[in-house]
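Here's a quick tour for anyone meeting this structure for the first time. Have a look at the picture, then read on.

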Amino acid sequence: MSTLWTQLEPLLSKVQKPARYIGCEDGSLHPHPRAGQVGWLFTYPDTYEIGLPNQGLQILYEIVNERDDAWAERSYAPWVDLEGELRRHGLPLFSVDTHRPAAEFDLLAFNLSAELVYTNVLNCIDLAGVPVRATDRRPEHPLVVLGGHCTYNPEPLADFVDLVVLGDGEEVVSEITDIVREWKSSGRTDGSREHVLRALAQVPGVYVPSLYEAEFDGEHLVGVFPKHPDVPEVVEKRTIADLGEWPYPKHQLVPLTEVVHDRLNVEVFRGCTRGCRFCQAGMITRPVRERPADQVRDMVQGGLRRTGYDEVALTSLSTADFSGIDKVVADTVNDPSNCGQVSVSLPSLRVDAFTVGIAAEIQKARRTGLTFAPEAGTWRMRQVINKLIRNDDLYGAVDSAYSQGWRRMKLYFMTGLPTETDPDTLGIAELATNCVELGRAHHKNPSVTVSVGGFVPKPFTPFQWFGQNTVSELYRKIGLLRDATKRTRGVQLKWHDPKATLIEGIMSRGDRRLGPVIEAVWRSGGTFQEWSEYFDHTLWVETMAAHGLSVDWYVHRHRTEDEVMPWDHLSAGLHRDFLWQDWRDALDEVGLEDCRWTPCYDCGACTGYGIEHIVASATPPAGGSQGTGQDLATGGIVPVTIDGVRRPAGVGAP
Amino acid sequence: MRLRIRFTKHGKVRFLGHRDLARIWERTLRRAELDVAYSEGFSPRPKLSFGLALSTGYESEGEYLDLDLAPSAPPPHLAALPGRLSALLPEGIDTTAVCEVSRSEPSLQQAVTSCSWLIDVVDTTVAEATDAVDRALAAPHLMHTRERKGKEVTDDLRPYLLDLTIIGPTPTGARLSAELGTQPRTLRPAELLAALDPPLSEGLVRRTHQWTTHDGARRELLPVDATSAQHDGERAS
Ligand code: SF4
């Protein structure tokens, strides 16, 4: 089959960072596809630097390549300079593994983890030589697939994609492959595209937008309904029961050029039960599935030896919650078979002294900055968002970090949260000021960087009903913070552009009427919108207006209890009434304990699918489940399995 | 113990930058379980030093790297090392020679006095290229202005132009062979081409040798038989 390398090579001399496009990474594969095999092109719709470390993409790449009847390669959005060269020379999007044209694959699959990349998805489809609208595609064109967290509301992209996969991809990727292989062997005749899509819609977890019709009554959505009786009314997410059965990636890709998170990454668990109400990832990935501690150790040890990395990140939504984390960390740091020093990083740190203790142990070699995410400035606000960190928890952690040698601290916050008042916003400045003050007891020039992002309500969270703050309101709050921190030595304030937050908000809870907007913005050159140098707020706002759509209606309006949401025909397992109740609790400032160690709230994520939390050890991590040291021995029915040994329902964990 | 390694940079990996290459070597040495010495201090780095940087996009037959092993490290089996390293390096980077060098030897940066290059020039004819080359060789000076730290600097490149020959036509131009000086500063092929009259445009460029001067004679930085471990003693001097 064809490779474009000889045509691409002269173009690479003309572009920035040509090493992004050469492939050749350790762990990469050079498949020689045979007739009848199903080809997947896994594409990350952003630059190579951001896309390469994506674990989801690497896992599926390996799983597909292990099959006899399929092969997979990778692609990333070419930067604007190379895109220009490709278009000038009539060359298409290509894989970095063998530089094969994208249209030679049967499936063009995108990983979507952020809303601002939507125009890049269209650009990649077009650059592949595939019609951007699904209705214009013929049997010879690849199927366009979406996966990743943003797929829980794929409606804005409904016109452009053939199928959307909800939840974990490990199993469903093979089920899709089987159906597409049959389609190929039947010759992909005229009209067969509709057939294969009907067959794929039967696979649990697969949503085929073209088989559904969105009905509106005036500006309000009535619902998204299947067009045929055999198409499911509600598409349920997929969940792999046991992470221990999927020790992937087995051969993590080692990039030859600079990327973000350039280190060995080992996923220690999936899911999170802390129940932070703003956090879509936590809600949609329930229940918790921990990897057996021995497997973590093997993956770390083998991975370090194979890749030559001197750093490993233990990844998850909240790694300090991994039961037995201290032992895994100690074993890794002290492993005599490591060649030279190895550092461990825990990208998501809980705010308590216990985690600082771990951090001190693992960062013996390179003590860089330490990051905490209290997310809100006051205890009241943190009860609303259910991130139950007391001010004292934070001060304790910060003090112990300063006393153990750290000088620089980073604190992450959101502004524009439900019920937020000015004292809540100013609480951010107060926390930061107090943290620097604590630092002065230990060092001459302690520093705290405060990073503030505007809050965007996400589907399948209790905050999905909340009307997002306007751009001017967010600017006003940032202004308050700027004034309050201006004169405090040691506090640096950084904030995310409220205008970008607005566009994220449009996409996050939008419906199918946004398709033409996305297409128009893309046709006007609006790609790489998550890059500040290319972000074009005016283009978006004007395009919305030109299509007769109100930004205010999509973003700033509070939803009512009975309002139909554009994603109501999709399911992450969470009961809508659980989410509504949790929203009411938020407004009442009532926090909820972690359901992993306390009674089930019947959110639906475990009970609905007959799966349970799987943890590696029966002992809750030290420091209290929410970092507050609260009493967890309240008993009750805890749906927990230890290391895959299932307990009969109704028996509590010890 | 200090080792000197010669390696190639061919094909797709020619697009890797200097920093990329350094990181790849650090990881490769760990995977090869070579116990490299680390610098002291706040963030220790492995003690590696590379020779003259190669522009991104150029190929090479002869890149060099010096590395210090940790004092406690057992002496490696040198004869097996090139094969072992090549197997762990990306395609296009091959280790072609290894030997021990004395710590008192000048660093690679200081030792190299000139480099040999094969330079393809494009969008031209052999006749045109010959004209430009002849003019350059006949001229007593070859003045060239470049920007350096925001200031314009004019240099005479002629003393660095040790040899320049047309060795044949290519489908889109001609191939030149050049030897360019590197002391006190390095003359890069792109600068040379820009300074010619008429200037020539660069196609594929390949470094073929790096030379040092020893008792007035030009020789490579490693002896031809450098990989053979039994000659260690002779070369260490
Ligand atoms: S079903 Fe119960 S135990 Fe499982 S995540 Fe939901 S609330 Fe927690």
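## Chain B at a glance

Chain B has 6 helices and 11 strands, counting DSSP runs numbered from the N terminus (H or I of at least four residues for helices, E of at least two for strands). This is a predicted model, where local features need pLDDT of at least 70, side-chain atom pairs count only at pLDDT 80 or more, and totals for chains, interfaces and linings use all residues. Residues are numbered from 1 along each chain as its sequence is written, chains are lettered from A and ligands numbered from 1 in the order written, and side-chain values use heavy atoms, leaving out hydrogens and water.

Along the principal axes, the C-alpha atoms of chain B fill a box of roughly 60 × 40 × 35 Å. Of its 237 residues, 50% are buried, meaning under 20% relative accessible area with a 1.4 Å probe and protein chains only.

Now for contacts, meaning heavy atoms within 4.5 Å. Taking those in chain B between residues at least 6 apart in sequence, 71% link residues at least 24 apart.

## Helix H15 of chain A

Over in chain A, helix H15 covers residues 471-485. Its buried residues include Val471(A), Leu474(A), Ile478(A) and Leu481(A), and Lys477(A) is also one of them.

What do the buried residues of H15(A) pack against? Their partners in chain A are strands S16 (408-415), S17 (447-454) and S18 (491-495), along with helices H14 (422-440) and H16 (498-508).

Technical notes:
The expected span of a helix is 1.5 Å times one less than its number of residues.
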